[in-house]
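Q: Hi! Could you walk me through a model I just opened? I'd like to start with the ligand and then look at the domains.

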Amino acid sequence: MAATLWDVVIVGAGPAGLSAALVLGRACRKVLLCDRGTPRNWASKRMHGFLTRDGIEPRQFRELSHRELARYPQVRFRSARVAGAELLPDATFRVTFANAATVRTRKLLLATGLFDRLPPLQGIEKFFGTSVFQCPYCHGWENRDRPVAVYGQGQRGFEMARALTAWTRDVVLCTNDGPELSPRAKRELQRNSIQLRTEPVARLDGSAGKLQRIVFRDGSAIERSALFFDTPSTEQSDLARSIGCQFSENGGVKCGTHSATSVPGVFVAGNIIRDVQLAIVAAAEGTRAAFGINRALTREDFARKATGEKRVEHAFPK
Ligand SMILES: Cc1cc2nc3c(=O)[nH]c(=O)nc-3n(C[C@H](O)[C@H](O)[C@H](O)COP(=O)(O)OP(=O)(O)OC[C@H]3O[C@@H](n4cnc5c(N)ncnc54)[C@H](O)[C@@H]3O)c2cc1C
């Protein structure tokens with residue numbers, strides 16, 4: 001593998017990276033897909049809203065994806081953490097793994113995703129993925145018309161509580177002693193029959209992954225069958241930063257046409273763009289990046305043969 005000049009190294013084999021690998025494999029590209037095995041939905045039992053795969057176990061989704069990729073022998077998989085990547089003077093990249101092994105590639109696709117920061121509530125780990133969630137589009141349907149809690153402070157909590165009204169009219173917003181909401185926000189919550197509990201939470205109670213109640217530090221409790229939270233998420237990897245990609249105001253990697261970043265030859269896909277953070281969108285972003293990468297490679301090779309010109313095609317706005 002070391003001597004190969006890969007067309008593309010993809011870092012991250014979630015829906016974004018897997019989908020990109022499929023499109024690039026079908027475009028006859030030499031692809032090295034690398035993953036360290038820490039998907040964002042590690043705690044999830046079912047993946048919803050992915051057309052033809054609604055309710056599939058995430059592990060099975062990955063297995064099916066790898067089975068499809070196996071039809072394309074130019075796509076190889078490496079189970080490893082990518083530790084760094086650098087742009088070389090000849091406009092290729094050296095990618096370094098955690099064990100110090102290196103490979104070279106013409107294009108780099110970063111599909112390294114995000115991680116959720118769980119709210120600091122005692123017992124939350126036991127429920128994450130079964131009755132504690134970060135996305136109503138993923139798990140709202142299963143909790144429709146049920147008594148749900150929202151955890152979030154300031155505007156985040158307000159917005160998640162508002163979002164949940166599409167699924168249930170029984171919402172309690174818990175701010176856990178966070179900053180006070182404006183009188184207007186409180187009025188709007190009240191008019192939508194959303195209860196506001198501002199006192200500190202002591203713990204989450206329930207059994208077998210099923211949330212039953214939220215216990216406050218003053219001893220009072222509310223019966224709830226699910227909790228949706230909105231807390232800031234973090235990048236799984238600092239590769240995009242370390243290679244010099246620009247970031248947008250919302251914290252996502254900035255990209256132009258076909259997911260080209262500000263660094264020529266580097267593309268991004270999936271949650272690190274911080275657009276709609278659903279699996280099918282991540283997969284589509286992977287497809288879009290793959291399209292951009294293959295287009296650039298084809299044009300570069302065509303130009304070299306036609307005119308001898310060595311250039312890097314890259315569609316990031318100046
Ligand atoms: C509890 C939970 C439930 C969810 N349920 C749903 C749902 O029902 N429906 C839905 O549409 N979405 C759901 N999501 C969201 C969904 O998981 C994400 O939208 C999706 O996983 C994003 O795909 P991605 O490819 O961008 O990133 P990920 O799936 O997170 O994949 C990124 C990959 O990159 C790898 N990686 C990171 N850094 C490196 C590195 N340096 N070297 C090598 N590999 C690296 C990681 O190991 C990981 O496998 C859920 C999320 C959570 C947390």
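A: Happy to! One thing to settle before we start: domain bounds here come from an automatic or database domain assignment. Also, this is a predicted model.

Q: Good to know. Which domains does the assignment give for the protein chain?

A: There are two: domain 1 (5–116 + 233–307) and domain 2 (124–229).

Q: And how many residues does the shell around the ligand draw from each of them?

A: At least three from domain 1 and at least three from domain 2.

Q: Nice. Which residues come nearest to the ligand?

A: Asp 35, Thr 38, His 48, Val 82 and Ala 279, out of 37 residues around the ligand.

Q: What does the backbone of Val 82 do there?

A: A backbone N or O atom of Val 82 sits 2.8 Å from a nitrogen atom of the ligand.

Q: How much of the ligand's accessible area does the protein cover?

A: 99% of the 990 Å² that the ligand has on its own.

Q: Which elements give two or more residues to that shell?

A: Those are α1 (15–26), β2 (31–35), α3 (136–139) and α7 (279–307).

Q: Switching to the domains: where are their centres relative to each other?

A: Taken over C-alpha atoms, the centres of domain 1 and domain 2 are 34 Å apart.

Q: And how many residues are in contact?

A: Nine from domain 1 and ten from domain 2. Together the two domains bury about 750 Å², with 63% of that on carbon and sulfur atoms.

Definitions and conventions
Residues are numbered from 1 along each chain as its sequence is written. This is a predicted model: local features need pLDDT of at least 70, side-chain atom pairs count only at pLDDT 80 or more; totals for chains, interfaces and linings use all residues. Side-chain values use heavy atoms; hydrogens and water are left out. A residue is near a molecule or strand if one of its heavy atoms lies within 4 Å of it. A polar contact is a pair of N or O atoms within 3.5 Å; within protein, one must be able to donate a hydrogen and the other to accept it, and residues adjacent in sequence count only if both atoms are side-chain atoms. Accessible areas come from the Shrake-Rupley method with a 1.4 Å probe; for residues, only the protein chains shown count as cover. Helices (H or I, at least four residues) and strands (E, at least two) are DSSP runs, numbered from the N terminus. Contact means heavy atoms within 4.5 Å. Buried area is the accessible area (1.4 Å probe) that two parts lose on being put together, summed over both.
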